[in-house]
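Please look through the sequence and the structure shown here before reading the briefing that follows. The points are grouped by topic, so that each part can be found and checked in the 3D view.

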Amino acid sequence: MAFTLTRIFDRAQTDQGSFEEFEKLMRQTQKQAFSLAYRLTGNVSEAEDLVQDAYIRAFRFFYRYDRSMPFSSWLFRIVTNAHIDAVRRKCKLRTSSLDQGGDDGSKTIEVMDSSALPDALIAERDVNEDLQKGLDSMNQEFKMAVILADVEGMAYEEIAEVMNTSIGTVRSRIHRGRKHLKAHLLSTAPALYERYCDELL
Amino acid sequence: MNCFKVSHHLSAYLDSELTGSEMLAIRSHLGICPHCRAELESLKITKRVCAVEVPSATPGFEERLSEVVRSARQNGQAQAWQRYFSTSLSVAVACVIGLGVFTSYLFIKHTPAAPIKPVSPSSVAQSQPSLSKMHLVDNPAPNSGSTGQEVQQEREYLDGADPLSGPASAIAYADR
Ligand SMILES: [Zn+2]
């Protein structure tokens, strides 16, 4: 009994130490985690839920975290897995709501009234919307690889770690994902492409 | 390198994720091929569009997040203590039950089958000098009211119990 109690107190002390470490890592990574979650979900409130869910999972399994891996890579793996779970849950719910779409099966997308916004903000919002639609039209694996590379700026090796796959697969997913996104943007928002093209020249 | 091979490596080239020799081979191809150069430019734009800043989280999100993780931690700790106390309680209850069963086992073991005779202190002194004997003196069998058959049935039940299933049967076996 005394032995068990001592162990519980020892563990509580270790818990205190690892909690402080976790909080510090959380502060360092939450902005990046939010960007990733936002690009994965395409919506602020869903992104916040996803980040919250991921950090709770991360904290619960923090004792399993291997310090030889950057915390962000470990966390992003949790974020992407939590996102896949959420998408699966949503797919089940969506089957019923799809019947309420247009005659051609299309969904109605809510569009904000842009008349009150300054030009720069409108432009930024448009880019975000077009990009998000492009990302959402992609296969999940390509989408994740592209987001990790281009939103998070991760190296292929780190992406391979997050996605639990080989560097060759990452290379191929990024390339195919970017090509898909490029085709999507060129067909849906050619003006955006031209603008960025001018900026690059 | 031909266009087909180069086009497959353009994203990795853009991200500088190729070996030195591969980078050089692609660079020299790009110098002579406008088609691959155009393809590279379009990938560059795609990459740039992706890097557009995301909207901010709602005000107070950081604090809410810390709060949620902190309360998840407190819930975890509370659950650990709850588990500890419920385990201790179960062990204590099992011990009490075990002691009860052990006592009744000793009581049954040394109760003579019918006909029941009153036990005199001198006859007890002649039988085995054990702890069980003292116990019998304190709890005379005649008052129990059980018949010889009932005692036999109860004994069979105890004998058939799994020795590893709990403290009660383990003690019963150890006594034999
Ligand atoms: Zn070429």
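Predicted model: local features only at pLDDT ≥ 70, side-chain atom pairs only at ≥ 80, totals over all residues.

A residue counts as buried when its relative accessible area is under 20%, as exposed when that area is over 50%, and as partly exposed in between.

**The zinc site**

- The zinc ion is coordinated by four residues of chain B, namely C3(B), C33(B) and C36(B), each through its SG atom, and H29(B) through its NE2 atom, at 2.1 to 2.3 Å.
- The arrangement of the 4 donor atoms is tetrahedral, because the angles that they subtend around the zinc ion are 101 to 120 degrees, and four donors count as tetrahedral if all angles lie between 85 and 135 degrees.
- For comparison, the ideal angle for four tetrahedral donors at a metal is 109.5 degrees.
- Along the chain, the donors of the zinc ion follow the spacing C-x25-H-x3-C-x2-C.
- C3(B) belongs to helix α1 (residues 3-14) of chain B and H29(B) to helix α2 (residues 20-32) of chain B, so this pair ties together parts that are 26 residues apart in sequence.

**The contact between α7(A) and α1(B)**

- Two packed helices are described by the angle between their axes and the distance between the axes.
- Helix α7 (residues 167-188) of chain A and α1(B) have axes that come within 9 Å and cross at roughly 100 degrees, and this makes α7(A) roughly perpendicular to α1(B).
- On the side of α7(A), the contact is made by R171(A), I174(A), H175(A) and R178(A), while α1(B) contributes S7(B), H8(B), L10(B), S11(B), A12(B) and L14(B).
- The residues of this contact divide into 4 nonpolar, 4 polar and 2 charged.

**Chain B as a whole**

- The secondary structure of chain B comes to 8 helices and 0 strands, and the pattern read along its sequence is α-α-α-α-α-α-α-α.
- Chain B has 176 residues, of which 27% count as buried.
- Among the contacts in chain B between residues at least 6 apart in sequence, 60% join residues at least 24 apart.

- E39(B), which is found in helix α3 (residues 34-50) of chain B, is buried, with a relative accessible area of 15%.
- Leaving aside its neighbours within four places in sequence, E39(B) is in contact with K179(A) and K182(A) of chain A and with L10(B) of chain B.
- R77(A) has its place in helix α3 (residues 71-97) of chain A and is partly exposed, with a relative accessible area of 26%.
- Not counting residues up to four places away in sequence, R77(A) touches M69(A), E161(A), V162(A) and N164(A).
- R77(A) and M163(A) are 86 residues apart in sequence, and their C-alpha atoms are 6.6 Å apart in space.
- E23(A) lies in helix α1 (residues 2-41) of chain A and counts as buried at 14% relative accessibility.
- From C-alpha to C-alpha, E23(A) and Y55(A) are 10.0 Å apart in space, and they are 32 residues apart in sequence.

Definitions and conventions
Residues numbered from 1 in each chain as written. Chains lettered and ligands numbered in written order. Heavy atoms only, no water. Donors = N, O, S within 2.8 Å, 3.2 Å for Na, K, Ca; no water. Tetrahedral: all angles 85-135°; square planar, octahedral: opposite > 155°, others 65-115°. Helix = DSSP H or I, 4+ residues; strand = E, 2+ residues; numbered from the N terminus. Axes fitted to C-alpha atoms, helices over the stretch in contact; angles between N-to-C directions. Parallel < 35°, antiparallel > 145°, perpendicular 65-115°, else oblique. Contact = heavy atoms within 4.5 Å. Nonpolar A, V, L, I, M, F, W, Y, C, P; charged D, E, K, R; others polar. Buried < 20%, exposed > 50% of the residue type's maximum accessible area, 1.4 Å probe, protein only.
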